[in-house]
Amino acid sequence: MTRWSSEQLPDLAGKTVVITGANSGLGLETAQALGRAGAHVVLAVRDVAKGDRAAGSVPGSAEVRRLDLGSLASVREFSETSNDEISVLINNAGVMFPPEGTTQDGFELQFGTNHLGHFALTNLLLPQITDRVVTVSSAMHRSVKGIRWEDPNFTGAYDPQKAYGQSKLANLLFTLELQRRLAEAGSTVRATAAHPGYSATNLQSHAGNALLRRLMSLSNLVVAQSAQAGALPTLYAATQDLPGASYVGPDGPFELRGSPTLVGRSQAASDPEAARRLWTLSEHLTGTTFPLPAGS
């Protein structure tokens, strides 16, 4: 059976793809592959200087624009200056196991960046999106049983691993409810999700615990697949003919590595009522709403 690779991407000439966190790791590998396929790639990054250096390695047409997902003001500024049609939005950026901290708007750093920033960005850009929204989750969504509804910010009880798991669960619930709303509105845009398995990137270096950083660095050498391989599920979710709300990950044991395929998710990530509840909470926290009327 032939393993799917980025060489099998369709011709994307004339298509614009926005990728958050595209200046390194999985985001940059995704940008490079899409650039080779002919897409115009927008690297939406917090550090423009790093983004400019990364853009130099993206074949074809690429541009860099500033976006700080930890600031709702920055998300709004980005969306207000995005006037062109967007074929695909890839919600890729994220933080993992950082020391306790908050976004500029006071949200727990991982929940605020990984979920709420992307939630707001997607709603604000959705009228310009023509094909799909891909959100990068993680197998670690299985590490939590649900959203901490009364305290999603882990106030006074911070646990970086659980907070990360919550943010990745939120990514999948967001995708589920986004797809339901798109279908209800009669939109042809699809919402999909992906996870990279265990991939060697600089994401693990942000852990606040020094011992955990060393253990993950060792795992990167022994267990992890390359960032190039880790980007394949995202590329697959962004370009292949998949049903809405599909979730793509590696096909190997425990979904750690391998070729992209449709994978399962936890019961908590499949709960439509939790997805609706999270959407309502996220609208309240971000001040953004689904922009398409029913039957549009």
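Which residues of α8 are buried? The buried residues of α8 are L232, P233, T234, L235, Y236, A237, A238 and T239, where buried means under 20% relative accessible area, exposed means over 50%, and partly exposed lies in between (1.4 Å probe, protein chains only). Because eight of the eight residues of helix α8 (residues 232–239) are buried, this helix is largely enclosed by the rest of the structure.

This is a predicted model, in which local features need pLDDT of at least 70 and side-chain atom pairs count only at pLDDT 80 or more, while totals for chains, interfaces and linings use all residues. Residues are numbered from 1 along each chain as its sequence is written, and side-chain values use heavy atoms, with hydrogens and water left out.

**Helix α4**
- T113 is found in helix α4 (residues 109–125), and with a relative accessibility of 10% T113 counts as buried.
- The side chain of T113 reaches the backbone oxygen of L109 at 2.8 Å.

**Positive phi in loops**
- F154, in the loop between β5 (129–136) and α5 (160–184), is not a glycine and yet has a positive phi near 55°; at 3% relative accessibility, F154 counts as buried.
- F254, which lies in the loop between β7 (247–250) and β8 (260–262), likewise has a positive phi, of about 60°, although F254 is not a glycine.
- F254 is exposed, with a relative accessible area of 75%.

**Helix α2**
- R53 belongs to helix α2 (residues 48–55), and R53 is exposed, with a relative accessible area of 59%.

Conventions:
Helices (H or I, at least four residues) and strands (E, at least two) are DSSP runs, numbered from the N terminus. A polar contact is a pair of N or O atoms within 3.5 Å; within protein, one must be able to donate a hydrogen and the other to accept it, and residues adjacent in sequence count only if both atoms are side-chain atoms.
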